[in-house]
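Trainee: I would like to go through this structure with you. May I start with a single residue and then move on to other topics?
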Amino acid sequence: MDEQRANPAPAIAIAGLRRDYGERTALEGLGLELAAGESLVVLGPNGSGKSTLLRVLASLLRPTSGAVRVLGCQLPADAWRLRGRIGYLGHDPLLYRDLSGRENLRFQARLHGLGATEADQRISSLLAAVGMERRAADRVGSLSAGMCQRLAICRCVLHEPELLLLDEPDSNLDLEGRELARTLIGPAAGRTRVLVTHDAERALPGADRALVLGHGGHPLSEGPAGELGPERARAASTGAPA
Amino acid sequence: MTRSRDAFAAILAKDLRTELRTLRSLSAMALFAITTFVIFRFSLDRTSLSGSLAAGVLWATLLFAAILGVNRLFVAERDEGGFDAIRLAPIDRTVLLAAKAVALGVYLLVLEAIAVPVFALFFLGSAAALPPLLLVLVLADLGLALTGALISSMAVNSRARDLLVPLVLLPLVVPLMIAATGASEPVLEAGGPAFDRFGTWLAVLGLYDLVFGLIGYAVFDFLLED
């Protein structure tokens, strides 16, 4: 028991992960461990499998081979135990265009089993946190991409997930939006995070670990974020040689 | 169980609210049905229909109008990420199928509330056939909604969705249409509703509903996997 306390199970443990899309390999030979409460930044050029990795961790994609364990759940076998414990922010905001922002969040709250009163309180505080109270009644289809992203961030943390999987969370956000978003999904939020980004300079200071993927989804390096210098980080994001 | 019921209610309410705001499916379905009745009226050059011809005209029109709704049933889930949001939520995925089938069933009932009176006005001498016809409509709608929701969820990710839905759905609903027209035929007889083998055809409709309900429950979870 004491040993378990001293070495708690990692929030994410991956060994030999491979994911194919038909003939094409998106990820190959990936292994890493991330402790609970830690932040991992995933860097790599376009097409290096970063988003695929997030979707596998979110149990939205099955691994072709390899072992993936997230929050103690073996994927894909235990994927049902993982549902509701992850906050996933992908390229799509996962919001219905014909519903308002508030209606979308209420819908999500009901899917996650939040009571009406608790959900309304939480939705109001999240909307205030991202500066969207005044546009919350507008249909999502009439909002700008940045406003949709702010709502998507609210959706992502609405059910207070243990693990955040964030794919370019700053995309479409203005400077104010980025700062507001940091309070909900930044390192200070205290949750385990996996952050896919091209903006290594902004992401690395708040990260504990960094994973660099190369073309074809091959891991190039994995280790403490501090050991990845700014030059290597920039090169990793673009796929250029360091 | 409570969570599944809440999720079912949430998905159904979301779909109905969206449809009420946009009328994307219902307006197309109703317009198609009414236009088709007008075409039948003039192409058959008959002011009244009865028996098997009346049943055929009614059910062929309702079926093809229903396909318009089936085609669009899961479009929002695909285009706006609803599939992912539901797959990430701690709910039984079959809830999505149930909510979609009920939503489609509601669309069909609304369609029939508009189309059947128009059909009666164009082709029937009296409204005496309508009460027993209602029972046939409800049972056939249930089967069509279950099969339609299942096929729609399979076809929605295909670029050839508009082609795929009728190609897959129509053969599957042949037994349903045989039973629905079989039950409607005596009800729509010229001399007033008769009930020859009416109960037998209703039982066939009920059996179809049960079989496709069970098939949907058994396979839907796998359909949502990547």
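Trainee: Is Leu23(B) buried or exposed, and why?
Mentor: This is a predicted model. In it, Leu23(B) is exposed, because 12 other C-beta atoms lie within 10 Å, and a residue with 12 or fewer counts as exposed.
Trainee: Where is Leu23(B) found?
Mentor: Leu23(B) sits in the loop between α1 (2-22) and α2 (24-44) of chain B.
Trainee: What is the phi of Leu23(B)?
Mentor: Leu23(B) is not a glycine, yet its phi is positive, about 50°. Most residues other than glycine have a negative phi.
Trainee: Turning to chain A, what is the phi of Glu160(A)?
Mentor: Glu160(A), likewise a residue other than glycine, has a positive phi near 50°. Glu160(A) belongs to the loop between α6 (145-157) and β7 (163-167) of chain A. Glu160(A) is exposed, with 12 other C-beta atoms within 10 Å.
Trainee: And which residues does the cis peptide bond join?
Mentor: The cis bond links Leu75(A) to Pro76(A), with omega about 5°. Pro76(A) is in the loop between β5 (73-75) and α3 (79-82) of chain A. Most peptide bonds are trans.
Trainee: New topic: how many residues does each chain give to the contact?
Mentor: Chain A gives 22 residues and chain B gives 22 residues.
Trainee: Which elements of chain A give two or more residues to that side?
Mentor: They are β6 (86-89) and α4 (101-111) of chain A. The largest share, four residues, comes from α4(A).
Trainee: What classes of residue does the side of chain A that touches chain B have?
Mentor: That side has 12 nonpolar, four polar and six charged residues.

Terms used:
Residues are numbered from 1 along each chain as its sequence is written. Chains are lettered from A and ligands numbered from 1 in the order in which they are written. This is a predicted model: local features need pLDDT of at least 70, side-chain atom pairs count only at pLDDT 80 or more; totals for chains, interfaces and linings use all residues. Two residues are in contact if their C-beta atoms, placed from the backbone, lie within 7 Å. Ala, Val, Leu, Ile, Met, Phe, Trp, Tyr, Cys and Pro count as nonpolar, Asp, Glu, Lys and Arg as charged, and the others, Gly among them, as polar. A residue is buried if 20 or more other C-beta atoms lie within 10 Å of its own, exposed if 12 or fewer, and partly exposed in between; C-beta atoms are placed from the backbone.
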